[in-house]
Amino acid sequence: MLYLASKSPRRAELLDRLGQPHRLLDVDVPEVRAPGEGAVDYVRRVARDKARAGWAQVATQPGARVLGADTEVVLGEEVFGKPRDAADAAAMLRRLSGRSHTVLSAVTVVDAGGERQALSATEVRFAVLSDERIAAYVATGEPMGKAGAYAIQGRAEAFVEHLAGSYSGVMGLPLHETARLLAGGPATEEHDAGEPATIAG
């Protein structure tokens, strides 16, 4: 049985697209970047921590596999997490307006045979967003709980001028990399759309 160590309905929906039956695990993993920790290392670590936390719950079950994932929006070396409030969401969107950023999405699968991980790096360029447009978007509530204060599968899709990489990775689970991991593919596969975590626009 495959277990998804995530509270995200988007990841569950994406995993459904692979035709993978799964159950959800509620894991509580701190998402705090360590001092001096690079953006790529941070995303990889959080995905691994989630998968390990889930594995600790089901390790005794025969045939269990646990998938953990983490997705972050990165501008330069700054990681944009989930906004604290509406003002923080608007500030993030103003920073992303008219610029390119990187969305890093790491996936870890843990089973009795060990761990495998893959990383997707996608370049996303936003159009220039007016303060009025940002305010209207924030007022919908959609940015809350989303890395970088936007949901590409929602109204923010209209902000995107260009995308190079994995659309599903920006949503929260890169399906190509995930499918390869679940099929026992390479543990270090990376899909890079340029140098991750260095695109500053």
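**Close-up 1. The side chain of His-22 and the backbone of Gln-20.** In this predicted model, a polar atom of the His-22 side chain lies 2.9 Å from the backbone oxygen of Gln-20, where a polar contact is a pair of N or O atoms within 3.5 Å, one able to donate a hydrogen and the other to accept it, and residues adjacent in sequence count only if both atoms are side-chain atoms. His-22 belongs to strand S2, residues 22-25, strands being DSSP runs (E) of at least two residues and helices runs (H or I) of at least four, numbered from the N terminus.

**Close-up 2. The aromatic pair of Phe-126 and Phe-159.** The ring centres of Phe-126 and Phe-159 are 5.8 Å apart and the planes stand at 75 degrees, so the pair is edge-to-face; rings of Phe, Tyr and Trp (its six-membered ring) pair if their centres lie within 6.5 Å, with planes under 30 degrees apart counted as stacked, over 60 as edge-to-face and the rest as tilted. Phe-126 lies in strand S6 (residues 114-126) and Phe-159 in the loop between helix H4 (131-139) and strand S7 (160-164), 33 residues apart.

Residues are numbered from 1 along each chain as its sequence is written. Local features of this predicted model need pLDDT of at least 70, side-chain atom pairs count only at pLDDT 80 or more, and totals for chains, interfaces and linings use all residues, while side-chain values use heavy atoms, with hydrogens and water left out.
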